[in-house]
Amino acid sequence: MRFAVLGLFHEANTFSPVKADRDMFAAGGILRGEQIVDQYADSGATIGGYLEGGARAGVEIVPLVFGFVNPAGAITSDVFESVVGEMLEALRDNGPWDGVLLNVHGAAVAEGFLDADGEIASRVRAVVGAELPVGAVLDLHANVSRRLVDALTITLVYQTNPHVDAAEKGIRCVDLLARTASGEIRPVQELVRLPLVVNIARQDTAERPMSSLVAKAERVAARPGMLSASVVEGFPYADVPDMGMSCLAIHDGDRSTARAAVEELALEVWNEREELQAHGLDVDAALDAAEHEAGAPVVLLDVGDNIGGGAPGDSTAILEAVCKRGLRSLAQTLWDPESVRQCESAGVGNEVSLCVGAKLEHSAGSPVAVRGTIRVLADGHFEESGAVHGGFRYFDMGPTAVVDTTDGHTLVLTSKPIMNSSLRQFLSVGVDPRDYHIVVAKGVNSPRAAYTPIAAKMVVVDTDGVTAMNLGRFTYQHRRRPMFPFESTTFDIGESR
């Protein structure tokens, strides 16, 4: 068998004014053929799972075209049409195929397409025809549309947050697709979309209520004839009609059984709707907690500047408050290309005066004046071989500067915004986060796989920004109404069909 691999993987924060444009994709955002293998072989990412799954099943995996950039605003129409057009051309020109493996996120938005993933899958389906099996592994934050599921034969979803099971799901997808192509199984899929949003601070699948819901999905999936069952958290920072939680179930041939299973799972989710909401500490309360904690490091999760959710990674909300209090021993990253260039001009070992962070219109906080010594200048490349959110292996922060300030803080200034999901981000430039009392991690769930093993305490901080915890700060135009917790509502399982 020959399976094509292709995709455009993007999580779009529609509240961010920074578009995923041609310049953003130009710096390594589009991979072709063996470039995909070089980047993802032996990784914990979905494509790493596709490659491994093919080797296990004796399926030839043929990577074609894959686009990926950090979460940001919507994909510009020119980039979308260019990348998707190239994908489809490669699909047409390199067949025949026994199956197609898509790598799409599930919360992509492009200019002109609020459901960009559904558009991609539908175009792929139009090329390969109605009978060829097409599979995809979605991110747990997918806003799953019926159009997307209808265009796919197999739809699997990460069931961990932090996302450490991407490769595992990729392997499983190859297996199910191969069994479908050989006629061994006949998958039928059922979807329920709930009028419900889960708060970002309740999305850790190692904690209740998500842990119990994922466990329920596992039990449902283990029943005779079931091929998969998934709880999907959704992505609340994409203002689209399909925004919100959903459930998926796949059965071997029996649609009524799949429907009963997904309805049972969805009702379990709905019953936890109150527990799926949360409130965090403000910056002052979080710093109070850090000051009273004897152990170290205390990891402050800067929710509003969550790079993995489309924030810029340059918020100074916490740094400003730390400096005002006169607290010392803090380490954090800041996306600030301008300050990096100043450090490069000054050189290692020299003193520098900078105004760091908060350079964009939608940044939280204000630029902070610091003086310090440049400890390190680096190219910003690092590799993570352990478990990490999303399963990525190779990272590029761009030109990077480490500055030890006179206030007793260490700032890792980067030219590209990179999720704080790996300790190697600090260690690769000679900074050990265990040496500091406070470490700021820009995210809420993505840093946990890396930082939980070393943290004396982790504190969720409800900061401002385009990924703020309090969704009441955002104005939605396209979401469904009514929807909990924005409005009081009931859940009619029949209306979810």
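This is a predicted model: local features need pLDDT of at least 70, side-chain atom pairs count only at pLDDT 80 or more; totals for chains, interfaces and linings use all residues.

Reply: Happy to. Residues are numbered from 1 along each chain as its sequence is written, and side-chain values use heavy atoms, leaving out hydrogens and water.

H3 covers residues 46–57 and H7 residues 166–181; their axes lie 7 Å apart at an angle of about 40° (axes are lines fitted to C-alpha atoms over the stretch in contact, with angles from 0 to 180 degrees between N-to-C directions; helices are DSSP runs of H or I with at least four residues, strands runs of E with at least two, numbered from the N terminus). The pair is therefore oblique (under 35 degrees is roughly parallel, over 145 roughly antiparallel, 65 to 115 roughly perpendicular, the rest oblique).

On the H3 side, Thr46, Gly49, Tyr50, Glu52, Gly53, Gly54, Arg56 and Ala57 meet Ala166, Ala167, Gly170, Ile171, Cys173 and Val174 of H7 (contact means heavy atoms within 4.5 Å). Those residues divide into 7 nonpolar, 5 polar and 2 charged (Ala, Val, Leu, Ile, Met, Phe, Trp, Tyr, Cys and Pro are nonpolar; Asp, Glu, Lys and Arg charged; the others, Gly among them, polar).

Now set another helix pair beside it. H10 (residues 283–291) and H11 (residues 317–325) pack at about 60°, with axes 10 Å apart, and are therefore oblique to each other. Their crossing is right-handed. Val283, Asp284, Leu287, Asp288 and Glu291 of H10 touch Ala317, Ile318, Ala321, Val322 and Arg325 of H11. By class, this contact has 6 nonpolar, no polar and 4 charged residues.

Turning to strands, an open sheet of 3 strands runs in the order S7-S9-S8 with antiparallel pairing (strands pair if DSSP finds at least two bridges between them). Direction ignored, neighbouring strands are turned by 10° against each other on average. S7 pairs with S9 (residues 246–252) over 7 bridges, and Val192 has Cys247 of S9 as its bridge partner.

Methods
A crossing is left-handed if the near helix is turned anticlockwise from the far one by less than a right angle, and right-handed if clockwise.
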